Amino acid sequence: MRKAGRHFLQIPGPSSVPDRILNAISQQVIDHRGPDFAKVGSKALEGLKTIFKTESNVFIYPASGTGAWEAALVNVLSPGDKVLMYETGHFATLWKSMAERLGVNAEFIQGNWRGGADPDQIEALLNEDKAQEIKAVCVVHNETSTGSVSPIAAVRKAIDAAGHPALLMVDTISGLASIDYRHDEWGVDVTVSGSQKGLMLPPGISFNAASEKALAANKTARLQKSYWDWADMIGPNKTGYFPYTPATNLLYGLNEAIEMLHEEGLDNVFARHARHGAATRSAVRAWGLEVLCNQQGQESGVLTAVKLPDGHSADGFRAKTLAEYDISLGNGLSKVADKVFRIGHLGDFNDLMLMATLSGVEMGLGAAGVPHTSGGVQAALDQLKTSNPT
Ligand code: PLP
């Protein structure tokens with residue numbers, strides 16, 4: 001049966017693509033080795049630096065975020081290298097499994113999936129590593145499976161306090177262009193990100209930002225690589241080209257997205273996300289439900305993961321909500337499967353879209369018979385009124 005009105009895609013990425021970006025993408029494909037392409041490629045490569053806040057190289061891959069994860073690891077590490085990774089949730093776990101499959105020796109600091117990485121634990125382990133065998137510390141900035149943010153600047157301070165030479169590698173696939181991020185200022189060596197979240201693009205391209213130290217590590221890294229090798233990218237990128245066929249039309253979209261982000265102002269974009277996160281948490285608490293992230297100050301402005309009362313299926317609730325109200329909510333992943341659902345409030349998103357989303361959730365809780373107190377939508381509205389949209 002036809003459903004009237006628009007679908008609400010409220011998963012924590014891919015996020016909805018604004019018309020301006022859809023229109024930018026909707027052009028004829030051009031010759032990626034021809035003279036016109038250089039302008040598109042250079043603009044994208046330079047523009048991305050303003051989003052990652054780096055003066056160093058940003059590499060663009062025609063791949064999902066998983067590809068850029070692999071690129072990050074194989075470009076700076078050698079077989080058997082030791083790395084320190086932090087279990088913030090499902091995505092940190094996947095990145096760690098990938099490192100192991102590539103032949104890296106990953107030490108996993110266990111976490112409870114309810115907060116970000118703890119810099120003190122990282123510092124303590126680095127202090128114990130007298131032989132300085134740890135080659136990299138890998139942290140997920142915005143853990144999309146839990147809605148927790150890791151304090152990246154504090155992780156850098158921890159590495160420095162231990163006087164340790166390990167590289168700092170950060171996944172901000174779902175944090176970039178939604179939550180404050182500073183590749184250079186925070187001393188990050190490799191930043192991994194993707195197109196389909198804060199950048200408001202369809203899935204399909206992903207990125208590595210690399211510091212001078214990471215570029216130097218690339219020269220001696222011995223993990224097998226070919227498609228991902230930064231060394232092959234650097235030359236063509238200098239003039240706006242790529243060593244193989246880039247995702248031409250997504251680059252048109254990327255250039256539009258970067259313009260839109262600067263028109264709004266990155267700080268305003270971050271404040272908008274934080275404000276929507278706060279309003280969503282007010283709603284969740286008013287419903288009498290629990291936000292999965294229980295570390296104050298580490299709650300994500302990108303998404304909110306909500307625990308369902310014991311004995312209630314989060315997937316059943318999501319299915320009911322989709323069927324009744326045409327809204328897609330994020331599912332719980334691996335350890336928290338069927339226990340939590342995730343509300344995405346990222347990308348091209350405003351107050352009215354948030355209120356509609358929360359209304360869908362509140363109506364869905366009722367339709368699915370999940371015990372809750374009504375009034376979450378009102379609580380979010382009250383919270384929004386305490387701060388103006390930027
Ligand atoms: N890391 C994080 C934090 C993510 O949110 C995701 C995807 O949602 C990934 C990695 C994997 O990216 P992709 O699904 O684009 O390969």
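Partly exposed means a relative accessible area between the buried limit, under 20%, and the exposed limit, over 50%. The model discussed here is predicted.

Q: Why is Ser334 called partly exposed?
A: Ser334 has a relative accessible area of 45%. Buried needs under 20%, and exposed needs over 50%.

Q: Where does Ser334 lie?
A: Ser334 sits in the loop between β13 (327-331) and β14 (340-344). Its phi is positive, about 40°, although Ser334 is not a glycine.

Q: Why is Met200 called buried?
A: The relative accessibility of Met200 is 5%. The cut-off for buried is under 20%.

Q: What is the phi of Met200, and where does Met200 lie?
A: Met200 has a positive phi of about 65°, although Met200 is not a glycine. The loop between β9 (190-194) and β10 (206-210) holds Met200.

Q: Why do Cys138 and Cys293 count as buried?
A: Cys138 has 2% relative accessibility. For Cys293 the value is 3%. Buried means under 20%, so Cys138 is buried and Cys293 is buried.

Q: How many disulfides are there by the rule used here?
A: The rule asks for a pair of cysteine sulfur atoms within 2.5 Å. By this rule the count is zero.

Q: Which residues does the cis peptide bond at Pro14 join?
A: The bond joins Gly13 and Pro14, with omega about -5°. Pro14 is in the loop between β1 (8-10) and α1 (19-25).

Methods. Residues numbered from 1 in each chain as written. Predicted model: local features only at pLDDT ≥ 70, side-chain atom pairs only at ≥ 80, totals over all residues. Heavy atoms only, no water. Helix = DSSP H or I, 4+ residues; strand = E, 2+ residues; numbered from the N terminus. Buried < 20%, exposed > 50% of the residue type's maximum accessible area, 1.4 Å probe, protein only.
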